[in-house]
Amino acid sequence: MFANRVITRGFASSVASLAPKVAVVGAAGGIGQPLSLLLKLNPHVGRLALYDLVNTPGVAADLSHINTQSSVKGYKGPEQLEDALKGSDIIVVPAGVPRKPGMTRDDLFKINAGIVKGIAEAAVKVAPNAHILVISNPVNSTVPIVAEVFKKAGIFNPKRIFGVTTLDVVRASTFVTTLKGGDATKTPVHVIGGHSGVTIIPLLSQTGINFAKEEVDALTHRIQFGGDEVVKAKEGLGSATLSMAHAGARFTDSLLRALAGAKGIVEPSYVYSEIGAKHGVEYFATNVELGPEGVAKVHPIGPINAYEEQLLKAAIPELQANIKKGVDFVHQG
Ligand SMILES: NC(=O)C1=CN([C@@H]2O[C@H](COP(=O)(O)OP(=O)(O)OC[C@H]3O[C@@H](n4cnc5c(N)ncnc54)[C@H](O)[C@@H]3O)[C@@H](O)[C@H]2O)C=CC1
Ligand SMILES: O=C([O-])CC(=O)C(=O)O
């Protein structure tokens, strides 16, 4: 259900329509700009609010000339953050610094933790019912940061906070079909765990495809470290932006459709999870069925083989440490 439905008139239309509001925080960045473009093209978006510390008036002016139904408004600087978020149904957060070669996602914590915490605090004030889609790394820690800010305010709703891990399944489908053939758009791969290195656990046994042991090793490594391929290729100029914009737009589109009542929409996401709790972690990525309230059902891991059991075992201590770091940051910071 949309948190903040309002009636507005669509572009060039005399018919009043419901207008879900999506805010993008970090909208002028490498992910933010193409993501905002894809959202401007999405017919389910009614109002697009673009927030960043810099350049958003220009990005908004540019996108506003596209003849789709949604309105676009730019907001710049901390004094405009609350106005940008106010009344949002969905807040997508690709704000913060990206990796350079040699860095881990956890190395970004120092800068990005404070950025994400500040955005969550503003959301608590002006958009307490918004669904928050966290892209900023390290996702394993930034999702707990958002959750703890909402818990502190006494309004935590686990159905509304998502770590966007869609890029992991997008990559997994691409890499599997590159090796084995087939249509990547019709070859889903269940990827569970978190969003960094060994915490990314592809469940290749669930694809129904036969792999040799060396193929499983190579694919697992490539899916776990796909982000590093892009960081290396960009030679210090950042990490994945275009593929991430696609992944973020896909997740936002799925959620918008589910909020509007569409059934059977399943996307992977790193969420507060009873499935995770069984393995000793509060947050865990698995397939999630989306519904009118956000998370409708967190799907179980499903059958896994001995190889994947080992991957899971290796992931848990790192995930626990990443989650604790995020939780502690909110209570100490
Ligand atoms: N979840 C995932 O699968 C992925 C996550 N990422 C992460 O997304 C984040 C953004 O990456 P890029 O767009 O490439 O970086 P970028 O540096 O190109 O853009 C980041 C934007 O955030 C803005 N920003 C900084 N502080 C802000 C604040 N307090 N409020 C609002 N905006 C603020 C900057 O001005 C900049 O425009 C990084 O942390 C990166 O690691 C990147 C790829 C995939
Ligand atoms: O690798 C990075 O730092 C960005 C990211 O999360 C990804 O591409 O999966």
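**Entry: what α4 packs against.** I began with the buried residues of α4, which pack against β3 (21-25), α3 (81-85), β6, β7, α5 and α11 (306-332). I count helices (H or I, at least four residues) and strands (E, at least two) as DSSP runs, numbered from the N terminus. This is a predicted model, where local features need pLDDT of at least 70, side-chain atom pairs count only at pLDDT 80 or more, and totals for chains, interfaces and linings use all residues. Residues are numbered from 1 along each chain as its sequence is written, while chains are lettered from A and ligands numbered from 1 in the order in which they are written.

Which residues of α4 are buried? I wrote down Phe-109, Asn-112, Ala-113, Ile-115, Val-116, Ile-119, Ala-120, Ala-122 and Ala-123. My cut-offs: buried is 20 or more other C-beta atoms within 10 Å of a residue's own, exposed is 12 or fewer, and partly exposed is in between, with C-beta atoms placed from the backbone. A reminder to myself: an α-helix has 3.6 residues a turn, so residues three or four places apart point the same way.

I also checked the length of α4. Its 18 residues should span 26 Å at 1.5 Å a residue, and the end C-alpha atoms are 25 Å apart, which agrees. The expected span is 1.5 Å times one less than the number of residues.

**Entry: two domains.** The protein splits into domain 1 (9-164) and domain 2 (166-324); the bounds come from an automatic or database domain assignment. Their centres, taken over C-alpha atoms, are 22 Å apart. The contact takes 39 residues from domain 1 and 37 residues from domain 2. Two residues are in contact here if their C-beta atoms, placed from the backbone, lie within 7 Å.

Which elements give two or more residues to the side of domain 1 that touches domain 2? They are α1 (32-40), β6 (90-93), β7 (131-134), α5 (139-152) and β8 (161-163). The largest share, six residues, comes from α5. By class, I noted 24 nonpolar, eight polar and seven charged residues on this side. Ala, Val, Leu, Ile, Met, Phe, Trp, Tyr, Cys and Pro count as nonpolar, Asp, Glu, Lys and Arg as charged, and the others, Gly among them, as polar.

**Entry: ligand 1.** How many residues surround ligand 1? There are 33, and the closest are Gly-26, Gly-29, Gly-30, Ile-31 and Asn-137. To be in the shell, a residue needs its C-beta atom, placed from the backbone, within 6 Å of the ligand. The elements that give two or more residues are β4 (47-52) and α4 (109-126), and α4 gives the most, with three. I sorted the shell into 18 nonpolar, 13 polar and two charged residues. Why does ligand 1 lie between the domains? Because domain 1 and domain 2 both give residues to its shell.

**Entry: ligand 2.** Around ligand 2 I listed Pro-98, Arg-99, Arg-105, Asn-137, Leu-167, Gly-227, Val-230, Val-231, Ser-239 and Ala-240. Helix α8 (residues 226-233) supplies the largest share, three residues. The classes come to five nonpolar, three polar and two charged. Both domains give residues to this shell, so ligand 2 lies between them.

Entry: I looked in UniProt, where an unreviewed entry places the feature "binding site" at Arg-99, Arg-105, Asn-137 and Arg-171. Such annotations may be inferred rather than shown by experiment.

Arg-99 sits in the loop between β6 and α4. Is Arg-99 buried or exposed? It is buried, with 21 other C-beta atoms within 10 Å. Leaving aside neighbours within four places in sequence, Arg-99 is in contact with Arg-105, Leu-108, Val-231 and Ser-239.

Asn-137 is in the loop between β7 and α5 and is buried too, with 27 other C-beta atoms within 10 Å. With neighbours within four places left out, Asn-137 contacts Arg-105, Leu-108, Asn-112 and Thr-142. The peptide bond from Asn-137 to Pro-138 is cis, with omega near 0 degrees.

**Entry: positive phi.** Asn-55 is not a glycine, although it has a positive phi of about 65 degrees. I found Asn-55 in the loop between β4 and α2 (56-64), and it counts as partly exposed, with 16 C-beta neighbours inside 10 Å.
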